[in-house]
Amino acid sequence: QDKIRQNLPFTLTAGQENAIAEITQDMASSHQMLRLIQGDVGSGKTLVALIAMAHATEAGYQAAILAPTDILARQHATKLTPLCETCGIRVALLTGRDQGKKRTQILDDLKSHAIDILIGTHAIIQEDVHFAKLGLAVVDEQHRFGVDQRLALTDKGNNPDVLAMTATPIPRTLMLANYGDMDVSIIRDKP
């Protein structure tokens, strides 16, 4: 986490720091985290999620980020991979485009824990995708996934922590937050 922060060309906002503190506290507890990061587009939700994923990898776990589209998954990989490489975190991208030997190699590396963070689309929730030790499941634009799809990701681990990100919470998310099943971190400021 420190190396990622040192390699940023900017400092984190107060809202990002607050969200990271809340997530870190949740991840340290004995209960499974179910937290939503809410913030406008450009507020830095993905960077907060990266710090959380780094926290999971430091503890010996893997992390996954599920994106609703191929384009968004590739954007995440393009942004996050250079930061991760500077501190030795191994990242892979898996989408529906990946077939044959490339897909087989990614799946083998994931199962043997040669991959720390898997970024992908619905391809990462397929039955043949197996993590060695999934500790954190991040769902981007969570309103674009159904309950079964989110559960398919968390079923890939042993009660992994769950971090959802959205700029537009749906009514079901608001109900979960209101009745205590989901905690919320709001990033109000923009970088």
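# A first look at the chain

The chain holds seven helices and seven strands; here helices (H or I, at least four residues) and strands (E, at least two) are DSSP runs, numbered from the N terminus. Starting at the N terminus, the order of elements is α-α-β-α-β-α-β-α-β-β-α-β-α-β.

Before we go on, a word on the model. It is a predicted one, in which local features need pLDDT of at least 70 and side-chain atom pairs count only at pLDDT 80 or more, while totals for chains, interfaces and linings use all residues. Residues are numbered from 1 along each chain as its sequence is written, and side-chain values use heavy atoms, with hydrogens and water left out.

# Inside and outside

How much of the chain is buried? Of its 191 residues, 49% count as buried, where buried means under 20% relative accessible area, exposed over 50%, and partly exposed in between (1.4 Å probe, protein chains only). The chain exposes about 9400 Å², and carbon and sulfur atoms supply 50% of that area. Accessible areas come from the Shrake-Rupley method with a 1.4 Å probe, and for residues only the protein chains shown count as cover.

Contacts tell us about the fold too. Among those between residues at least 6 apart in sequence, 77% join residues at least 24 apart; contact means heavy atoms within 4.5 Å.

# The nonpolar cores

The largest nonpolar core has 37 residues, and Leu-50, Met-53, Leu-136 and Leu-163 have the most contacts inside it. A nonpolar core is a set of buried Ala, Val, Leu, Ile, Met, Phe, Trp, Tyr and Cys residues joined through side-chain atoms within 4.5 Å. At least two residues of this core come from each of α2 (14-28), α3 (45-58), β2, α4 (70-85), β4, β5 (134-140) and β6 (161-166). Helix α3 gives the largest share, nine residues.

Which residues does Leu-50 touch? Not counting residues up to four places away in sequence, Leu-50 touches Ile-4, Leu-80, Leu-83, Cys-84 and Ile-117.

Let us start with α2. Its 15 residues should span 21 Å at 1.5 Å a residue, and its end C-alpha atoms are 21 Å apart, which agrees; the expected span of a helix is 1.5 Å times one less than its number of residues. The buried residues of α2 are Gly-15, Gln-16, Ala-19, Ile-20, Ile-23, Asp-26 and Met-27. Because they cover an arc of only 130° around the axis, they lie on the same side of α2; the arc is that of the directions from the helix axis to the C-beta atoms. On the other side of α2, Ala-14, Gln-25 and Ala-28 are exposed. The cover over the buried residues of α2 includes α1 (2-6), β1, α3, β5, β6 and β7.

Now compare α5 (residues 100-111). This helix has twelve residues and reaches 17 Å from its first C-alpha to its last, close to the 16 Å expected at 1.5 Å a residue. Its buried residues are Arg-103, Ile-106, Leu-107 and Leu-110. They cover an arc of only 95° around the axis, so they sit on the same side of α5. These buried residues pack against β2 (62-66), β3 (91-94) and β4 (117-120).

# Strands side by side

Strand β1 (residues 34-39) pairs with β6 in the parallel sense over five bridges; two strands pair if DSSP finds at least two bridges between them. The bridge partner of Leu-36 in β6 is Ala-164.

β1 also pairs with strand β7 (residues 183-187), in the parallel sense and over five bridges. Here Gly-39 has Ile-187 of β7 as its bridge partner.

His-113 lies in the loop between α5 and β4. Although His-113 is not a glycine, its phi is positive, about 65°. Asn-159, in the loop between α6 (147-154) and β6, has a phi near 55°, a positive value in a residue other than glycine.

Is Asn-159 buried or exposed? At 58% relative accessibility, Asn-159 counts as exposed. Thr-121, in the loop between β4 and β5, counts as buried, because its relative accessibility is 7%. Leaving aside neighbours within four places in sequence, Thr-121 is in contact with Leu-66, Ala-67, Thr-69, Asp-70, Ala-73, Leu-94, Thr-95 and Gly-96.
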